Number of protein chains: 2
Amino acid sequence: MTIYDISEKAGVSIATVSRVLNGSSNVSEKTRKKVLDVIDRYGYTPNAFARGLGLNTMKTIGIMCADSSDLFLAKAIYYIEQKLRANEYDSILSCTGYEHKNKAASMNLLLNKKVDAIIMVGSNFIYEEAERNKYIADAAAQVPVMLLNAYVDIANVYSIVSDDFMSMYEATNYLLSTGVTDPIYFYASTSYSGKKKLSGFKAAMELGNLLDSPDRMQFFSGSHEDIPAMTAQLCLLRQKGLAFHGVVAADDTLAIAAVKYAMEEGLRIPEDLSVIGYNNSMLTQCCIPELTSIDNTLEILCEHLIMTLMEVFNGKEMPKKAVFSGQLIKRSTTL
Amino acid sequence: MTIYDISEKAGVSIATVSRVLNGSSNVSEKTRKKVLDVIDRYGYTPNAFARGLGLNTMKTIGIMCADSSDLFLAKAIYYIEQKLRANEYDSILSCTGYEHKNKAASMNLLLNKKVDAIIMVGSNFIYEEAERNKYIADAAAQVPVMLLNAYVDIANVYSIVSDDFMSMYEATNYLLSTGVTDPIYFYASTSYSGKKKLSGFKAAMELGNLLDSPDRMQFFSGSHEDIPAMTAQLCLLRQKGLAFHGVVAADDTLAIAAVKYAMEEGLRIPEDLSVIGYNNSMLTQCCIPELTSIDNTLEILCEHLIMTLMEVFNGKEMPKKAVFSGQLIKRSTTL
DNA sequence: ATTAAAAATGTAAGCGCTTACATTTTTGCG
DNA sequence: CGCAAAAATGTAAGCGCTTACATTTTTAAT
């Protein structure tokens, strides 16, 4: 059933059918109804390819992320998909993995599908060395590129970020204010937002002259889901003689590992060990006591991201970067 | 840069260009190279819409799921996306939510985008009443429909399921074999696989004549992530006087709630309370002791699903239903 | 009633590709 | 070398839609 069939049955031209399909105002009420009736009776749906070919868009957005099953990224994707759909856009998903190799290739696949924009979820798409970010610039030359929780200064790329530096700074300060003087920072990512968080921690510690040992910044290099290994690393740290009564974690998963560490070592939380997580995920509810964490208002970020994108589509000039502050959710792993 | 530009610069016809692009064998090595060189130099990528219009496919699969941020569904989507990409297909994601309303509409949106198949992830797309599943039959009339962890007998729909009945039956039997005689079953979904699991539990209990009270089947009706509410429900159950020394949970999240319940009530695990979860997610690592759970070999299911789909595309006759058995992963919440 | 402007409708030319079919070139064998 | 078959290449007709432009119809002011 094509537009020709409909036009014939309705006794009008294909242009007229196309017009009622696209809600053009230049159609008399009478013919509009006539066409709609025919469509109704015979059940026509436009051919998306032909339409795409004519309009040069299929209202589809490419979403890139490292791992769609990561707790945080999955939530982000969920929100983004919702908001896109509300704006009548579909989303093509592409998971690139954490390895730094096939990002450009992934992006090209999306671009070849003629997506109208690309949304990069998470901060591990940005390289230190500017020239390696060329693939982003190349994409941005074709369609708007949106970054969630990452920033890079390239034309036609827009960033929506949470203020990770400030969040971590405040979280650390809060921990210090409860009397902890020797916390460690536990992190697993050195991406854009990873760096911001780390700086936040450092800034707070340096303020109090508390940063005595580089060991206080504990980097975990294992799998993002390997909680036992994370716990083991903390146990080892203690065995090596580093004393700490607080853990500031860059992710709730790492924080849960800290809670387990405490349980294994027989430490009371928060009396003997305070723990602060990040992302305020469901993991905060998984332990006793429940986890203090930082909520980065992800849904708001996503909402703003999509809103910005729609405005860009409308040709409106939009800020290249929007920063949203997070919120410390105090629960029971801190005093 | 279109195929015309390339053909002109290479001094051949557009048909020839198209042929080298599609790897047709009817091209001499010399001209193939010539065309490839030009493409290389000028950087041409085919227009996906025009291609789609000609071939009537864009190698895109629609994925439907209730909530892409659910731990289990997110993993499934991740695997599916991976395997699809390995087969040079892209995936369009559509999250429908758990409400039973706009599934058909969602499906039509995907169909209108001319996806080559639809994959429904999770079992809450199947209705009891056969006539409500008409929207699936309608879709299946157009493209193959794949169901992950659900089954319905409709032409052109293929099911890949884990043997939830047997898994739960064995899990329950195992629990009983450790000496627990009064477990409760804790569940939150009455979908296809939800029912299977419940039957598995019941079967094992009835075998031992242990199913004394309907209260032993505890349905949780709150949000899928509201662990505190789950915990509260168990506490309440105990206050109401129902004794239980084991919890068989239909999902790791519910199992975590049971672990928290034990901690709050001061019960030792597994001595005073045994807990078995389901899905073997990362949550099993989040508590101490670590959670005994059922692994439903999700990656294998997904692999098989995509394999089946590809065979269907190739016109091969495939079984309408493939069942994979799960595996009880014994950890420390059971004796 | 006349007529210019506005509204509705129709015509046809793309959009960039694939592919059946036609034509030309190459191959290999008598 | 001649010729038929095979291989390579070209021509052109779609695929189903949008839309600029042309044409017809309606509206409304004189």
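Which strands of chain A does helix α9 (residues 192–207) lie across? Helix α9 of chain A lies across β6, β7 and β8 (246–249), and runs at about 175° to β6(A).

This is a predicted model: local features need pLDDT of at least 70, side-chain atom pairs count only at pLDDT 80 or more, and totals for chains, interfaces and linings use all residues. Residues are numbered from 1 along each chain as its sequence is written, chains are lettered from A and ligands numbered from 1 in the order in which they are written, and side-chain values use heavy atoms, with hydrogens and water left out.

**The sheet of chain A**

In chain A, 4 strands build an open sheet with parallel pairing, in the order β7-β6-β8-β9. Its edge strands are β7 (217–219) and β9 (274–276), and each pairs on one side only. Neighbouring strands are turned by 20° against each other on average, direction ignored. Strands pair if DSSP finds at least two bridges between them. Helices (H or I, at least four residues) and strands (E, at least two) are DSSP runs, numbered from the N terminus.

Strand β6 (residues 184–187) of chain A pairs with β7(A) over 3 bridges, in the parallel sense. Here Phe186(A) stands opposite Gln218(A) in β7(A). Helix α11 (residues 252–265) of chain A lies across β6, β8 and β9 of that chain, at about 165° to β9(A). Axes are lines fitted to C-alpha atoms, for helices over the stretch in contact (heavy atoms within 4.5 Å). Angles run from 0 to 180 degrees between N-to-C directions.

**A buried threonine in chain B**

Thr292(B) sits in the loop between β9 (274–276) and β10 (293–295) of chain B. Its relative accessible area is 0%, so Thr292(B) is buried. Buried means under 20% relative accessible area, exposed over 50%, partly exposed in between (1.4 Å probe, protein chains only). Leaving out residues up to four places away in sequence, Thr292(B) touches residues including Val275(B), Ile276(B), Leu328(B) and Arg331(B).

**Salt bridges**

Over all chains, the structure holds 30 salt bridges. A salt bridge is a side-chain nitrogen of Lys or Arg within 4 Å of a carboxyl oxygen of Asp or Glu. The table lists some of them.

| Pair | N to O distance |
|---|---|
| Lys134(B) and Asp138(B) | 3.2 Å |
| Arg268(B) and Asp272(B) | 3.0 Å |
| Glu311(B) and Lys316(B) | 3.7 Å |

Lys134(B) and Asp138(B) both lie in helix α7 (residues 134–140) of chain B, 4 residues apart, about one turn of the helix. Lys134(B) is exposed at 52% relative accessible area, while Asp138(B) is partly exposed at 39%.
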